[in-house]
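Look over the structure first, then read on.

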Amino acid sequence: RGCRNRSMEMETVIGLKEVTKHFGDRVLFDGISLEVKRGEAVGIVGESGSGKTMLVKMLCGLVSPDCGSIQVEGRQIKDGRFAETAGVMLDDMEFPAPYGTGYENLRQVAEIGGRVNSRDISRIMHLVRIEPASRTILERYTPAMKQRLKVAMVLMEDPQTVLLDGPVCGMAEDRASEIRRLLSSRIKEAGITMLLTDREQESIEGICTRLYRISDRKLLKIF
């Protein structure tokens, strides 16, 4: 049993090899490589416009690298293909029903996968401090409330691999701390693998087993 567990711990879940990406005439990444092992939480920090969201979009298959290869959960990510079992939160992602409540939006997303019931939705909403019975429509949510609902949407199906673009961006410190505790508990208790981004190192460093900064088109390791 011990040998099998060590093998699982060494499994590469997220991998980038010699990835280069341009945005117009600008080079965002120049031959970057990264491996994220099973159960790790790896953070990427950088200034606005440094390429954090682009990196997550490449991992999702929404954007292709100019060269190099990407794999998530053993699947090569190319030509719009993506590891369907991974949970993804993008900074610019939209909800399906802007005039629906938070609960109604999560229910619509849950119906696609068919793996989450109403009790699961209510439970995850309570964990991000949003009342499931609230009749407040999404259009009236503050940006920070929408961020918390995005986190709930990603976690409600208990994915084993999670990609989070700015999960606590714009939140007050007390709410950000709650989300960090929730994410940390998922890593420790469920053994999920996580890659997350933020502008500020202090926002995510407490969650991460490794942390990198985007610097001069490369990933500079902080710890």
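**Terms and model**

Helices (H or I, at least four residues) and strands (E, at least two) are DSSP runs, numbered from the N terminus. This is a predicted model: local features need pLDDT of at least 70, side-chain atom pairs count only at pLDDT 80 or more, and totals for chains, interfaces and linings use all residues. Residues are numbered from 1 along each chain as its sequence is written, and side-chain values use heavy atoms, without hydrogens and water.

**Helix α2**

Helix α2 spans residues 52-60. Just after α2, glycine 61 has a positive phi of about 85°.

**Second largest pocket**

A pocket is an open set of points on a 1 Å grid over the protein atoms alone, where a 1.4 Å probe fits, with protein on both sides within 12 Å along at least five of seven lines; lining residues have an atom within 4 Å of a point. The second largest pocket holds about 260 Å³. It has 18 lining residues, with Ser48, Gly49, Lys52, Thr53 and Asp91 closest to its centre. Helix α2 gives the most to this lining, with 3 residues. The lining has 4 nonpolar, 7 polar and 7 charged residues. Nonpolar means Ala, Val, Leu, Ile, Met, Phe, Trp, Tyr, Cys and Pro; charged means Asp, Glu, Lys and Arg; the others, Gly among them, are polar.

**Largest pocket**

The largest pocket has a volume of about 480 Å³. Glu84, Ala86, Val109, Met153 and Glu157 lie nearest its centre. α3 gives the most to its lining, with 3 residues.

Note on methods: Buried < 20%, exposed > 50% of the residue type's maximum accessible area, 1.4 Å probe, protein only. Points joined across faces, edges and corners; volume = space filled by probe spheres on them.
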